[in-house]
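Load the model in a viewer and keep the selection panel open. The stops below are meant to be followed in order.

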Amino acid sequence: MIPEKHFLYPGALFASLKSAEITTILGSCVAVCLWDSALNIGGINHFMLPLWNGQGLASPRYGNIAIDRLIKKMITLGSNKIHLIAKVFGGGEVISTNISQFHIGQRNIMLAKEFLEEEKIPIISSSVGGKMGRKIVFHTTTGEVIQRFIPMQNMRVDEN
Amino acid sequence: MTDEELLGELKRRFEENKKSLQELRELNEQLIIVNKKLTESEAMKTHFISHITNEIINPFTSIIGLAESILSLPDKDWTRMRRMTNLIYSEAFGLDFQLKNIFIAAEIEAGEVYPCVSNVDVKSVIENVIEIFQREAMQNQISIEMICKPCENSEKKRFFKTDAEKLRIIVANLLSNALKFSFQKGKIIVHIEKEDSILKIAVKDLGSGISKENQRIIFDRFERLNAGIDSIHRGQGLGLSVVKAILDMLEGRIEISDNKPQGAIFTIFLPESNISVTDFSENGDEIFFGETEIF
(Lines give C-alpha, C1' and ligand atoms only; values in the text may rest on other atoms or scores of the structure.)
Protein backbone atom coordinates (compact mmCIF):
# COMPACT_ATOMS: atom_id res chain seq x y z
CA MET A 1 0.00 0.00 0.00
CA ILE A 2 1.37 3.43 -0.94
CA PRO A 3 1.33 5.72 2.10
CA GLU A 4 -0.69 8.89 1.92
CA LYS A 5 1.55 11.97 1.98
CA HIS A 6 0.73 14.78 4.32
CA PHE A 7 2.33 18.05 5.37
CA LEU A 8 1.73 19.00 8.99
CA TYR A 9 1.32 22.70 9.72
CA PRO A 10 2.21 24.25 13.07
CA GLY A 11 -0.69 23.99 15.48
CA ALA A 12 -2.22 20.99 13.73
CA LEU A 13 -2.19 17.31 14.53
CA PHE A 14 -2.57 14.17 12.50
CA ALA A 15 -3.36 10.57 13.33
CA SER A 16 -4.85 7.91 11.10
CA LEU A 17 -5.52 4.20 10.80
CA LYS A 18 -4.21 4.37 7.25
CA SER A 19 -0.58 4.29 6.29
CA ALA A 20 0.73 7.84 6.03
CA GLU A 21 3.99 9.71 5.56
CA ILE A 22 3.90 12.98 7.47
CA THR A 23 6.40 15.75 6.88
CA THR A 24 6.88 18.73 9.13
CA ILE A 25 9.47 21.44 9.67
CA LEU A 26 10.56 22.41 13.17
CA GLY A 27 12.51 25.30 14.63
CA SER A 28 11.80 25.97 18.29
CA CYS A 29 8.54 24.06 17.86
CA VAL A 30 8.35 20.49 19.10
CA ALA A 31 6.69 17.51 17.43
CA VAL A 32 5.69 14.43 19.40
CA CYS A 33 5.27 11.25 17.35
CA LEU A 34 3.19 8.53 18.99
CA TRP A 35 3.31 5.00 17.63
CA ASP A 36 1.22 2.04 18.59
CA SER A 37 3.39 -1.07 18.46
CA ALA A 38 0.38 -3.41 18.55
CA LEU A 39 -1.73 -1.82 15.81
CA ASN A 40 1.13 -0.34 13.77
CA ILE A 41 -0.54 3.03 13.57
CA GLY A 42 0.79 6.45 14.48
CA GLY A 43 0.03 10.09 15.06
CA ILE A 44 1.99 13.32 15.31
CA ASN A 45 1.52 16.89 16.55
CA HIS A 46 3.45 20.13 16.08
CA PHE A 47 3.20 22.69 18.86
CA MET A 48 4.69 26.17 19.09
CA LEU A 49 4.37 27.10 22.77
CA PRO A 50 4.40 24.96 25.90
CA LEU A 51 1.23 26.00 27.70
CA TRP A 52 -2.12 27.43 26.78
CA ASN A 53 -2.50 30.67 28.71
CA GLY A 54 -6.27 30.71 28.54
CA GLN A 55 -6.28 33.26 25.71
CA GLY A 56 -8.11 32.65 22.45
CA LEU A 57 -9.00 29.12 21.39
CA ALA A 58 -7.58 26.07 23.15
CA SER A 59 -5.84 24.85 20.00
CA PRO A 60 -2.97 22.36 19.63
CA ARG A 61 -0.57 25.27 19.09
CA TYR A 62 0.09 24.71 22.78
CA GLY A 63 1.97 21.67 24.04
CA ASN A 64 -0.25 20.69 26.93
CA ILE A 65 -3.26 20.67 24.62
CA ALA A 66 -1.49 19.14 21.60
CA ILE A 67 -0.10 16.11 23.47
CA ASP A 68 -3.32 15.49 25.36
CA ARG A 69 -5.37 15.64 22.13
CA LEU A 70 -2.95 13.35 20.32
CA ILE A 71 -3.13 10.70 23.03
CA LYS A 72 -6.93 10.93 23.04
CA LYS A 73 -7.03 10.65 19.26
CA MET A 74 -4.85 7.53 19.33
CA ILE A 75 -7.19 6.03 21.91
CA THR A 76 -10.25 6.77 19.75
CA LEU A 77 -8.47 5.03 16.88
CA GLY A 78 -8.33 1.95 19.08
CA SER A 79 -4.94 2.22 20.74
CA ASN A 80 -4.26 0.96 24.18
CA LYS A 81 -2.08 3.44 26.06
CA ILE A 82 0.31 0.72 27.23
CA HIS A 83 1.28 0.02 23.61
CA LEU A 84 2.16 3.62 22.84
CA ILE A 85 5.74 4.78 22.44
CA ALA A 86 6.90 8.32 21.75
CA LYS A 87 9.60 10.05 19.75
CA VAL A 88 10.29 13.75 20.32
CA PHE A 89 11.85 16.22 17.89
CA GLY A 90 12.62 19.92 17.60
CA GLY A 91 12.98 22.61 20.25
CA GLY A 92 15.99 24.32 18.72
CA GLU A 93 16.98 27.82 19.81
CA VAL A 94 16.04 30.45 17.27
CA ILE A 95 17.22 33.54 19.10
CA SER A 96 20.14 33.43 21.52
CA THR A 97 19.18 35.03 24.78
CA ASN A 98 20.14 34.82 28.42
CA ILE A 99 16.68 35.20 29.81
CA SER A 100 15.44 31.68 30.36
CA GLN A 101 11.81 32.74 29.93
CA PHE A 102 12.51 33.23 26.26
CA HIS A 103 14.03 29.81 25.73
CA ILE A 104 10.90 28.58 24.04
CA GLY A 105 12.61 25.57 22.50
CA GLN A 106 13.86 24.34 25.88
CA ARG A 107 10.51 24.96 27.51
CA ASN A 108 8.75 23.07 24.71
CA ILE A 109 11.10 20.09 25.15
CA MET A 110 10.67 20.13 28.91
CA LEU A 111 6.91 20.17 28.63
CA ALA A 112 6.89 17.25 26.17
CA LYS A 113 9.13 15.15 28.44
CA GLU A 114 7.20 15.90 31.61
CA PHE A 115 3.81 15.40 29.98
CA LEU A 116 4.76 12.05 28.44
CA GLU A 117 6.30 10.88 31.70
CA GLU A 118 3.13 11.71 33.55
CA GLU A 119 1.12 9.81 30.95
CA LYS A 120 3.59 6.91 31.32
CA ILE A 121 4.42 6.86 27.62
CA PRO A 122 8.13 6.04 27.11
CA ILE A 123 10.23 8.26 24.86
CA ILE A 124 12.28 5.71 22.95
CA SER A 125 14.26 8.19 20.87
CA SER A 126 14.55 11.90 20.35
CA SER A 127 16.52 14.63 18.66
CA VAL A 128 15.97 17.92 20.48
CA GLY A 129 17.62 21.26 21.21
CA GLY A 130 20.64 22.66 19.43
CA LYS A 131 20.77 25.63 17.14
CA MET A 132 19.43 23.99 14.01
CA GLY A 133 16.04 23.54 12.49
CA ARG A 134 14.81 20.09 11.50
CA LYS A 135 12.79 18.53 8.77
CA ILE A 136 11.27 15.23 9.81
CA VAL A 137 9.24 12.60 7.98
CA PHE A 138 7.20 10.22 10.12
CA HIS A 139 5.99 6.88 8.74
CA THR A 140 2.89 5.95 10.66
CA THR A 141 2.96 2.22 9.90
CA THR A 142 6.58 1.59 10.87
CA GLY A 143 6.96 4.34 13.45
CA GLU A 144 10.18 5.31 11.73
CA VAL A 145 11.24 8.96 11.62
CA ILE A 146 13.70 10.35 9.10
CA GLN A 147 15.37 13.60 10.09
CA ARG A 148 17.54 16.19 8.38
CA PHE A 149 18.95 19.37 9.87
CA ILE A 150 18.21 22.76 8.31
CA PRO A 151 20.09 25.94 9.19
CA MET A 152 17.74 28.31 11.03
CA GLN A 153 18.27 31.19 8.63
CA ASN A 154 16.78 29.06 5.88
CA MET A 155 13.57 28.72 7.80
CA ARG A 156 10.62 31.00 7.70
CA VAL A 157 9.57 32.47 11.02
CA ASP A 158 6.29 30.60 11.03
CA GLU A 159 8.06 27.28 10.92
CA ASN A 160 9.42 27.83 14.39
CA MET B 1 42.12 34.75 45.53
CA THR B 2 42.71 38.43 46.14
CA ASP B 3 40.22 40.59 47.94
CA GLU B 4 39.39 42.36 44.71
CA GLU B 5 38.67 39.10 42.91
CA LEU B 6 36.52 38.03 45.80
CA LEU B 7 34.57 41.28 45.71
CA GLY B 8 34.12 40.95 41.96
CA GLU B 9 32.87 37.40 42.33
CA LEU B 10 30.46 38.41 45.07
CA LYS B 11 29.16 41.26 42.98
CA ARG B 12 28.66 38.97 40.01
CA ARG B 13 26.73 36.46 42.08
CA PHE B 14 24.55 39.15 43.58
CA GLU B 15 23.73 40.34 40.14
CA GLU B 16 22.83 36.86 38.95
CA ASN B 17 20.65 36.45 41.97
CA LYS B 18 18.89 39.69 41.21
CA LYS B 19 18.25 38.59 37.67
CA SER B 20 16.82 35.25 38.75
CA LEU B 21 14.56 36.99 41.22
CA GLN B 22 13.31 39.31 38.52
CA GLU B 23 12.62 36.34 36.25
CA LEU B 24 10.82 34.56 39.04
CA ARG B 25 8.69 37.60 39.70
CA GLU B 26 7.71 37.85 36.05
CA LEU B 27 6.86 34.17 35.85
CA ASN B 28 4.79 34.53 38.97
CA GLU B 29 2.86 37.38 37.47
CA GLN B 30 2.15 35.26 34.39
CA LEU B 31 0.97 32.46 36.63
CA ILE B 32 -1.48 34.73 38.40
CA ILE B 33 -2.91 35.88 35.07
CA VAL B 34 -3.29 32.30 33.82
CA ASN B 35 -4.94 31.30 37.04
CA LYS B 36 -7.48 34.08 36.70
CA LYS B 37 -8.16 33.05 33.11
CA LEU B 38 -8.75 29.46 34.13
CA THR B 39 -11.25 30.47 36.78
CA GLU B 40 -13.07 32.60 34.21
CA SER B 41 -12.93 29.79 31.69
CA GLU B 42 -14.53 27.42 34.15
CA ALA B 43 -17.32 29.87 34.89
CA MET B 44 -17.93 30.38 31.18
CA LYS B 45 -18.14 26.66 30.59
CA THR B 46 -20.99 26.56 33.10
CA HIS B 47 -22.77 29.35 31.25
CA PHE B 48 -22.20 27.71 27.89
CA ILE B 49 -25.20 25.41 28.11
CA SER B 50 -27.55 28.26 28.91
CA HIS B 51 -25.99 30.32 26.10
CA ILE B 52 -26.46 27.51 23.63
CA THR B 53 -30.10 27.15 24.64
CA ASN B 54 -30.60 30.82 24.08
CA GLU B 55 -28.75 30.96 20.78
CA ILE B 56 -29.86 27.76 19.12
CA ILE B 57 -33.14 26.56 20.59
CA ASN B 58 -34.79 29.99 20.45
CA PRO B 59 -34.21 30.60 16.72
CA PHE B 60 -35.39 27.06 15.98
CA THR B 61 -38.54 27.62 17.98
CA SER B 62 -39.25 30.80 16.00
CA ILE B 63 -38.56 29.06 12.69
CA ILE B 64 -40.91 26.21 13.50
CA GLY B 65 -43.57 28.59 14.81
CA LEU B 66 -43.36 30.82 11.75
CA ALA B 67 -43.49 27.88 9.36
CA GLU B 68 -46.59 26.61 11.16
CA SER B 69 -48.23 30.02 10.83
CA ILE B 70 -47.47 30.10 7.11
CA LEU B 71 -49.02 26.67 6.68
CA SER B 72 -52.24 27.79 8.34
CA LEU B 73 -52.50 31.04 6.36
CA PRO B 74 -55.46 31.45 4.02
CA ASP B 75 -54.59 30.90 0.34
CA LYS B 76 -52.79 33.64 -1.51
CA ASP B 77 -52.14 35.87 1.47
CA TRP B 78 -48.82 36.76 -0.11
CA THR B 79 -48.08 39.84 1.99
CA ARG B 80 -48.17 38.04 5.29
CA MET B 81 -46.44 35.02 3.81
CA ARG B 82 -43.60 37.19 2.55
CA ARG B 83 -43.21 38.90 5.87
CA MET B 84 -43.03 35.63 7.75
CA THR B 85 -40.67 34.04 5.24
CA ASN B 86 -38.45 37.04 5.70
CA LEU B 87 -38.37 36.40 9.43
CA ILE B 88 -37.61 32.72 8.87
CA TYR B 89 -34.76 33.74 6.59
CA SER B 90 -33.15 36.03 9.13
CA GLU B 91 -33.51 33.52 11.98
CA ALA B 92 -32.06 30.73 9.84
CA PHE B 93 -29.29 33.00 8.59
CA GLY B 94 -28.20 33.88 12.11
CA LEU B 95 -28.33 30.25 13.15
CA ASP B 96 -26.30 29.13 10.15
CA PHE B 97 -23.64 31.76 10.82
CA GLN B 98 -23.31 30.78 14.46
CA LEU B 99 -23.22 27.06 13.80
CA LYS B 100 -20.46 27.58 11.24
CA ASN B 101 -18.43 29.47 13.85
CA ILE B 102 -18.94 26.70 16.39
CA PHE B 103 -17.81 24.08 13.86
CA ILE B 104 -14.72 25.95 12.74
CA ALA B 105 -13.75 26.64 16.37
CA ALA B 106 -14.11 22.93 17.10
CA GLU B 107 -11.97 22.06 14.07
CA ILE B 108 -9.27 24.53 15.11
CA GLU B 109 -9.26 23.16 18.64
CA ALA B 110 -8.96 19.64 17.25
CA GLY B 111 -5.98 20.72 15.11
CA GLU B 112 -7.73 19.73 11.92
CA VAL B 113 -7.64 23.01 10.02
CA TYR B 114 -5.18 23.56 7.21
CA PRO B 115 -4.52 26.53 4.98
CA CYS B 116 -5.97 25.80 1.57
CA VAL B 117 -4.23 28.29 -0.70
CA SER B 118 -5.36 29.46 -4.10
CA ASN B 119 -5.26 32.62 -6.15
CA VAL B 120 -8.18 34.46 -4.61
CA ASP B 121 -10.20 37.27 -6.14
CA VAL B 122 -10.34 39.29 -2.92
CA LYS B 123 -12.87 41.81 -4.19
CA SER B 124 -15.41 39.23 -5.20
CA VAL B 125 -14.99 37.25 -1.95
CA ILE B 126 -15.66 40.37 0.11
CA GLU B 127 -18.50 41.55 -2.13
CA ASN B 128 -20.06 38.17 -1.64
CA VAL B 129 -19.83 38.41 2.16
CA ILE B 130 -21.31 41.93 2.12
CA GLU B 131 -24.11 40.65 -0.08
CA ILE B 132 -25.19 38.00 2.41
CA PHE B 133 -25.26 40.54 5.25
CA GLN B 134 -27.13 43.11 3.19
CA ARG B 135 -30.58 42.01 4.33
CA GLU B 136 -29.64 42.21 8.01
CA ALA B 137 -28.09 45.64 7.40
CA MET B 138 -31.13 46.94 5.56
CA GLN B 139 -33.42 45.95 8.42
CA ASN B 140 -31.49 48.34 10.64
CA GLN B 141 -30.99 50.89 7.89
CA ILE B 142 -27.24 50.43 8.01
CA SER B 143 -25.31 50.93 4.81
CA ILE B 144 -22.23 48.88 3.95
CA GLU B 145 -19.70 50.41 1.61
CA MET B 146 -16.63 48.79 0.09
CA ILE B 147 -13.52 50.66 -0.99
CA CYS B 148 -11.04 48.52 -2.89
CA LYS B 149 -7.77 50.37 -3.43
CA PRO B 150 -5.96 47.67 -5.43
CA CYS B 151 -8.91 47.34 -7.81
CA GLU B 152 -8.67 50.95 -8.93
CA ASN B 153 -5.51 50.56 -10.95
CA SER B 154 -5.66 47.14 -12.41
CA GLU B 155 -7.96 44.16 -12.46
CA LYS B 156 -5.01 41.85 -11.87
CA LYS B 157 -4.26 43.34 -8.48
CA ARG B 158 -7.46 42.02 -6.97
CA PHE B 159 -5.89 38.57 -6.89
CA PHE B 160 -4.05 37.44 -3.80
CA LYS B 161 -2.65 34.07 -2.81
CA THR B 162 -4.47 33.02 0.35
CA ASP B 163 -7.18 30.75 1.70
CA ALA B 164 -10.49 31.95 0.25
CA GLU B 165 -12.76 30.15 2.70
CA LYS B 166 -10.82 31.35 5.75
CA LEU B 167 -10.77 34.90 4.41
CA ARG B 168 -14.53 34.68 4.00
CA ILE B 169 -14.97 33.55 7.62
CA ILE B 170 -12.74 36.39 8.87
CA VAL B 171 -14.57 39.11 6.94
CA ALA B 172 -17.99 37.65 7.80
CA ASN B 173 -17.18 37.75 11.51
CA LEU B 174 -15.82 41.29 11.37
CA LEU B 175 -18.90 42.44 9.46
CA SER B 176 -21.26 40.62 11.77
CA ASN B 177 -19.61 42.32 14.74
CA ALA B 178 -19.71 45.74 13.10
CA LEU B 179 -23.42 45.25 12.42
CA LYS B 180 -24.07 44.12 15.98
CA PHE B 181 -22.47 47.18 17.48
CA SER B 182 -23.75 49.73 14.97
CA PHE B 183 -26.60 52.05 15.73
CA GLN B 184 -29.63 52.35 13.46
CA LYS B 185 -28.99 54.26 10.26
CA GLY B 186 -25.27 53.72 10.75
CA LYS B 187 -22.63 53.10 8.17
CA ILE B 188 -19.95 50.44 7.80
CA ILE B 189 -16.95 50.82 5.53
CA VAL B 190 -14.85 47.89 4.36
CA HIS B 191 -11.51 49.18 3.17
CA ILE B 192 -9.20 46.92 1.15
CA GLU B 193 -5.55 47.75 0.57
CA LYS B 194 -2.51 45.83 -0.60
CA GLU B 195 1.06 46.80 0.27
CA ASP B 196 4.19 44.73 -0.37
CA SER B 197 2.26 41.50 -0.62
CA ILE B 198 0.34 42.26 2.57
CA LEU B 199 -3.40 42.42 2.28
CA LYS B 200 -4.96 44.93 4.63
CA ILE B 201 -8.69 44.86 5.27
CA ALA B 202 -10.22 47.40 7.62
CA VAL B 203 -13.82 47.23 8.82
CA LYS B 204 -14.94 50.56 10.27
CA ASP B 205 -18.20 51.18 12.05
CA LEU B 206 -19.84 54.16 13.71
CA GLY B 207 -21.09 52.13 16.66
CA SER B 208 -20.42 52.24 20.36
CA GLY B 209 -16.68 51.56 20.08
CA ILE B 210 -14.55 49.36 22.33
CA SER B 211 -12.75 50.52 25.44
CA LYS B 212 -9.02 49.86 25.88
CA GLU B 213 -9.81 47.48 28.72
CA ASN B 214 -12.14 45.42 26.54
CA GLN B 215 -9.79 45.41 23.55
CA ARG B 216 -7.54 43.00 25.44
CA ILE B 217 -10.14 40.37 26.20
CA ILE B 218 -12.36 40.25 23.14
CA PHE B 219 -10.26 37.59 21.43
CA ASP B 220 -10.87 35.06 24.19
CA ARG B 221 -13.47 32.44 23.46
CA PHE B 222 -16.93 32.84 24.96
CA GLU B 223 -15.99 36.39 25.91
CA ARG B 224 -18.77 38.80 25.13
CA LEU B 225 -19.00 42.42 26.03
CA ASN B 226 -22.19 43.02 28.02
CA ALA B 227 -22.51 39.28 28.39
CA GLY B 228 -25.57 37.97 30.11
CA ILE B 229 -28.57 36.00 29.13
CA ASP B 230 -30.70 39.04 28.37
CA SER B 231 -28.02 40.83 26.35
CA ILE B 232 -29.39 42.49 23.23
CA HIS B 233 -26.36 41.31 21.31
CA ARG B 234 -26.51 37.71 20.26
CA GLY B 235 -23.72 35.27 19.71
CA GLN B 236 -21.68 33.05 21.94
CA GLY B 237 -18.55 35.15 21.69
CA LEU B 238 -16.68 32.78 19.43
CA GLY B 239 -16.37 35.06 16.42
CA LEU B 240 -13.28 37.04 17.26
CA SER B 241 -11.43 34.11 18.80
CA VAL B 242 -12.04 32.25 15.53
CA VAL B 243 -10.74 35.24 13.56
CA LYS B 244 -7.63 35.38 15.73
CA ALA B 245 -6.93 31.65 15.44
CA ILE B 246 -7.32 31.70 11.65
CA LEU B 247 -5.01 34.71 11.40
CA ASP B 248 -2.44 32.89 13.54
CA MET B 249 -2.57 30.02 11.11
CA LEU B 250 -2.21 32.28 8.07
CA GLU B 251 0.54 34.28 9.84
CA GLY B 252 -1.56 37.41 9.88
CA ARG B 253 -2.55 39.72 12.70
CA ILE B 254 -5.40 41.97 13.80
CA GLU B 255 -5.48 45.45 15.25
CA ILE B 256 -8.26 47.39 16.91
CA SER B 257 -8.38 51.16 16.91
CA ASP B 258 -10.87 53.90 17.58
CA ASN B 259 -12.80 55.25 14.63
CA LYS B 260 -12.76 58.85 15.79
CA PRO B 261 -15.03 60.40 16.87
CA GLN B 262 -17.22 57.31 17.13
CA GLY B 263 -17.02 53.58 16.58
CA ALA B 264 -14.27 51.04 16.13
CA ILE B 265 -11.92 49.90 13.38
CA PHE B 266 -10.85 46.28 13.08
CA THR B 267 -7.91 45.92 10.71
CA ILE B 268 -6.47 42.61 9.60
CA PHE B 269 -3.05 42.20 7.98
CA LEU B 270 -2.63 39.09 5.90
CA PRO B 271 0.71 38.21 4.27
CA GLU B 272 0.54 36.63 0.83
CA SER B 273 1.06 32.92 1.18
CA ASN B 274 4.32 31.65 -0.29
CA ILE B 275 3.01 28.12 -0.42
CA SER B 276 2.96 27.10 -4.03
CA VAL B 277 -0.60 26.94 -5.29
CA THR B 278 -0.10 23.62 -7.03
CA ASP B 279 1.84 21.68 -4.41
CA PHE B 280 2.15 22.91 -0.87
CA SER B 281 4.34 20.16 0.45
CA GLU B 282 7.25 20.79 -1.90
CA ASN B 283 10.16 22.55 -0.26
CA GLY B 284 12.61 22.59 -3.11
CA ASP B 285 14.88 25.39 -1.94
CA GLU B 286 15.85 23.96 1.40
CA ILE B 287 19.49 23.53 2.23
CA PHE B 288 20.24 20.51 4.35
CA PHE B 289 23.12 20.01 6.71
CA GLY B 290 24.66 16.61 7.12
CA GLU B 291 23.21 13.22 6.52
CA THR B 292 19.72 11.93 6.85
CA GLU B 293 19.26 10.25 10.20
CA ILE B 294 16.75 7.61 11.08
CA PHE B 295 15.05 7.45 14.46
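Bear in mind throughout that the model is predicted. B:K185 sits in the loop between α5 (164-180) and β4 (187-195) of chain B. Most residues other than glycine have a negative phi.

Next, select B:Q141, in the loop between α3 (122-139) and β2 (143-148) of chain B. Phi is again positive in a residue other than glycine, near 55° for B:Q141. Is B:Q141 buried or exposed? The count for B:Q141 is 12 C-beta neighbours inside 10 Å, and the limit for exposed is 12 or fewer, so B:Q141 counts as exposed.

Move to B:L240, which is part of helix α7 of chain B. B:L240 counts as buried because it has 23 C-beta neighbours inside 10 Å, where the threshold is 20 or more. To see its surroundings, show B:N173, B:I218 and B:F219: these are the contacts of B:L240 once neighbours within four places in sequence are left aside. For one of them, B:I218, draw a C-alpha to C-alpha distance to B:L240; it comes to 6.8 Å, for a sequence separation of 22 residues.

## α2 against α7 in chain B

The crossing of α2(B) past α7(B) is left-handed.

Which residues meet here? From α2(B), show B:N101, B:I104, B:A105 and B:I108; from α7(B), show B:G239, B:S241, B:V242 and B:A245. By class, this contact has 5 nonpolar and 3 polar residues, with no charged ones.

## The two domains of chain B

Color chain B by domain: domain 1 covers 8-109 and domain 2 covers 118-271. Their C-alpha centres are 17 Å apart. Where they touch, domain 1 contributes 15 residues and domain 2 contributes 16. On the domain 1 side, α1 (3-71) and α2 of chain B are the elements that give two or more residues. The largest share of that side comes from α2(B), with 9 residues. The domain 1 side divides into 7 nonpolar, 7 polar and 1 charged residues.

Now select chain A, which has 160 residues, 53% of them counted as buried. Chain A contains 2 helices and 9 strands. Traced from the N terminus, the order of its elements is β-β-β-β-β-α-β-α-β-β-β. Among contacts in chain A with a separation of 6 or more, 64% join residues 24 or more positions apart.

Finish at the contact between the chains, which takes 37 residues from chain A and 36 residues from chain B. On the chain A side, highlight β1 (4-7), α1 (63-76), β7 (123-128), β8 (132-139) and β9 (145-151), each of which supplies at least two residues. Which of them gives the most? That is β9(A), with 7 residues. Colored by class, the side of chain A that touches chain B shows 15 nonpolar, 14 polar and 8 charged residues.

Technical notes:
Residues are numbered from 1 along each chain as its sequence is written. Chains are lettered from A and ligands numbered from 1 in the order in which they are written. This is a predicted model: local features need pLDDT of at least 70, side-chain atom pairs count only at pLDDT 80 or more; totals for chains, interfaces and linings use all residues. Helices (H or I, at least four residues) and strands (E, at least two) are DSSP runs, numbered from the N terminus. Two residues are in contact if their C-beta atoms, placed from the backbone, lie within 7 Å. Ala, Val, Leu, Ile, Met, Phe, Trp, Tyr, Cys and Pro count as nonpolar, Asp, Glu, Lys and Arg as charged, and the others, Gly among them, as polar. A crossing is left-handed if the near helix is turned anticlockwise from the far one by less than a right angle, and right-handed if clockwise. Domain bounds come from an automatic or database domain assignment.
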